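Dear colleague,

I am handing over the structure we spoke about, and I would be grateful if you could look through it alongside the notes that follow.

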Amino acid sequence: FAINMDQLELQDELGKGAYGTVKRVLHRPTKVAMAMKEIRLELDESKLNAILMELDILHRAVHPSIVEFYGAFFIETCVYYCMEFMDAGSLDKLYGVGVPEDVLARIVASMVRGLKFLKDDLQIIHRDVKPTNVLVNMKGQVKLCDFGVSGQLEKSLAKTNIGCQSYMAPERIKGESQNALSTYTVSSDVWSVGLATIEIGLGAYPYPPETYSNVFAQLQAIVHGDPPVLPAKYTETACDWVSKCLVKRPEGRASYAELLEHPFLVNDAGNTVDMAAWVSRAVAWRDKQREKERQAVLAKEAPPP
Ligand code: ADP
């Protein structure tokens, strides 16, 4: 079925991204709760149609580690993208000061399985692996979203894509390829998986902007410095797994199959991990932080007499 705006009941705002807002919506005909992303694009109708056609492949991206795609449409110059609603939000807000090792293994196992599926079954390379693009629900499921399937959409967004946290592999920063989009290989995503793993374990992005005087220095550190490592509290096995992702030469990095066969993830498959319990704790912690921030803002706006 094709989704359109008339079928949707708009609910609360879930977040603001670099390109637009994400709202929770109810799809009235099916009573399914969805997340709808609005992407503002200054494009003509033919380009918008091209994007919708390219997004169509997402209907085939059905996998337990991938956020389900329900459909997209455009109104005027905005593309609306409807996907599975993940009720615990994105991982970057949930990892706190770092997650326990069994939880870390479960999270990265899901990420790697999702990426392997995209690659093997749909020939899709994610291109934007980072904790903000890993969504979680209260059942304890961990799924990937926001992968690059539409060349046209990517081209239209590229201009505004400047962040201070780079998950780009060294070879992409160095710009060895003339055309970063066409020669991007799967091993660049493996680097990003490694970096995301460290961030989730450490509870912080491993190249903190405050350590570097500017973005250039930060990127220099990624290209010329030693790759980051997990904090000492993690086992040798976990550290070894991450080191297989964070190899500076792209040819030296592990494949998804190798990452799944590594003891870190083989052991995980035999573990019982109460992911739902971890998500509950993480969400409670996140909401408490948010409330504190809200109070701090209120106190600033109206200082006590
Ligand atoms: P970004 O541009 O930083 O990738 P997005 O526009 O993708 O951000 O999303 C902004 C915020 O909206 C996310 O941080 C997340 O909290 C929320 N969000 C996005 N997609 C979903 C979803 N499918 N379910 C629930 N929340 C979502």
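Strands, as the term is used here, are DSSP runs of E at least two residues in length, numbered from the N terminus. Please keep in mind that this is a predicted model.

I begin with the ligand. The ligand is surrounded by 21 residues, of which the closest are Gly-15, Gly-17, Val-22, Ala-35 and Met-86. Strand S1 (8-16) makes the greatest contribution to this shell, with three residues, while at least two residues each come from S1, strand S3 (32-40), strand S5 (78-84) and S6. Sorted by class, the shell around the ligand contains 11 nonpolar residues, six polar and four charged.

Strand S6 leads on to the sheet. S6, S7 and S8 form, in that order, an open sheet of three strands with antiparallel pairing. Strand S6 (89-90) and strand S8 (142-144) lie at the edges and have a single partner strand each, so one side of each has no neighbour in the sheet. S6 is joined by two bridges to the antiparallel strand S7 (residues 134-136), and Gly-89 stands opposite Val-136 in S7. Helix H2 (residues 101-122) packs on this sheet, where it touches S7 and S8, and its direction makes about 35° with that of S8.

Helix H2 also meets helix H9 (residues 263-270), their axes coming within 9 Å and crossing at roughly 105°; because angles of 65 to 115 degrees count as roughly perpendicular, H2 and H9 are described as roughly perpendicular to each other. In this contact, Ala-105, Arg-106 and Ala-109 of H2 meet Phe-264, Leu-265 and Asp-268 of H9, which by class gives four nonpolar, no polar and two charged residues.

With best wishes

Definitions and conventions. Residues numbered from 1 in each chain as written. Predicted model: local features only at pLDDT ≥ 70, side-chain atom pairs only at ≥ 80, totals over all residues. Pairing = 2+ DSSP bridges. Helix = DSSP H or I, 4+ residues; strand = E, 2+ residues; numbered from the N terminus. Contact = placed C-beta atoms within 7 Å. Axes fitted to C-alpha atoms, helices over the stretch in contact; angles between N-to-C directions. Near = placed C-beta within 6 Å. Nonpolar A, V, L, I, M, F, W, Y, C, P; charged D, E, K, R; others polar. Parallel < 35°, antiparallel > 145°, perpendicular 65-115°, else oblique.
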